[in-house]
Amino acid sequence: MSILHRAAFTTSAARLDQLPAPTTAEVCFVGRSNSGKSSAINVLTNQRRLAFSSKTPGRTRLINMFGIPDPVEPDAFLGFLVDLPGYGYASVAQQAREEWADVLGGYLRERSSLAGIVMLIDIRRGVTDLDRRLADWVAPTRIPVLALLTKADKLPYGQRVRAVAEVRKQLADLGALKALPFSATHRIGIEDATAHIENWISPKVVP
């Protein structure tokens, strides 16, 4: 069983100063509000409703942390999966969007325990202007990135391959970048993504 399957809700925060102090490895998930982020977290943790997606676009603005228990120390965590607020809806007021951006950018730049970033990109859209803005926040940190090209089942195999190559090209400045076609519903890319995230959290688990 993957260590990710043991993830459980730990805390929510609306601001960075409400988060617990950094301790062990954190892997954050970030992407457009309709990129399939919640579905990806749920399928990777093998849980149906660990992460929630709001029915109202742009409504979910909390940072949600899911702890992975340490089997050796019952009160400790091996690491955390962190669900960052989605971005990209014009219906959200400008001031709220900027506050949102400050939270996202602040976490990505300042969180000392951040071990890896899972970036969700709709394979049919490719890298949007908002994705590029996010990449510009990430690039100076040199934190490794796993780009999951979601809804890969919507494209035939050849188009998936080309889409992955294009994303790698457009995000080449991120340094340690791995891009995978991914589908929560058709279980495409789940094993590779799981191994990558496990290795960020606990390198002993995956050589």
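Here is a friendly chat about the strands and helices of this predicted model.

User: What makes β3 and β4 a pair?

Analyst: Two strands pair if there are at least two bridges between them. Strand β3 (residues 63-69) and strand β4 (residues 77-83) share six bridges, in the antiparallel sense, so by that cut-off they pair. In one of these bridges, M65 has V82 of β4 as its partner.

User: Which strands make up the open sheet, and in what order?

Analyst: There are seven, in the order β1-β3-β4-β2-β5-β6-β7, and the pairing is mixed. For instance, β3 and β4 are antiparallel, while β2 and β5 run parallel, joined by six bridges.

User: Why is β5 called largely enclosed?

Analyst: A residue counts as buried when its relative accessible area is under 20%. Eight of the nine residues of β5 are buried, so the strand is largely enclosed by the rest of the structure.

User: What makes the crossover from β5 to β6 right-handed?

Analyst: Picture the strands pointing away from you: the crossover is right-handed if the path from the first strand over the helix to the second runs clockwise. Here the chain goes from β5 through α3 to β6, and this β-α-β crossover is right-handed, so by that rule its path runs clockwise in such a view. The two strands themselves are parallel, with six bridges, and M119 stands opposite A147 in β6.

Technical notes. Residues are numbered from 1 along each chain as its sequence is written. This is a predicted model: local features need pLDDT of at least 70, side-chain atom pairs count only at pLDDT 80 or more; totals for chains, interfaces and linings use all residues. Side-chain values use heavy atoms; hydrogens and water are left out. Helices (H or I, at least four residues) and strands (E, at least two) are DSSP runs, numbered from the N terminus. Buried means under 20% relative accessible area, exposed over 50%, partly exposed in between (1.4 Å probe, protein chains only).
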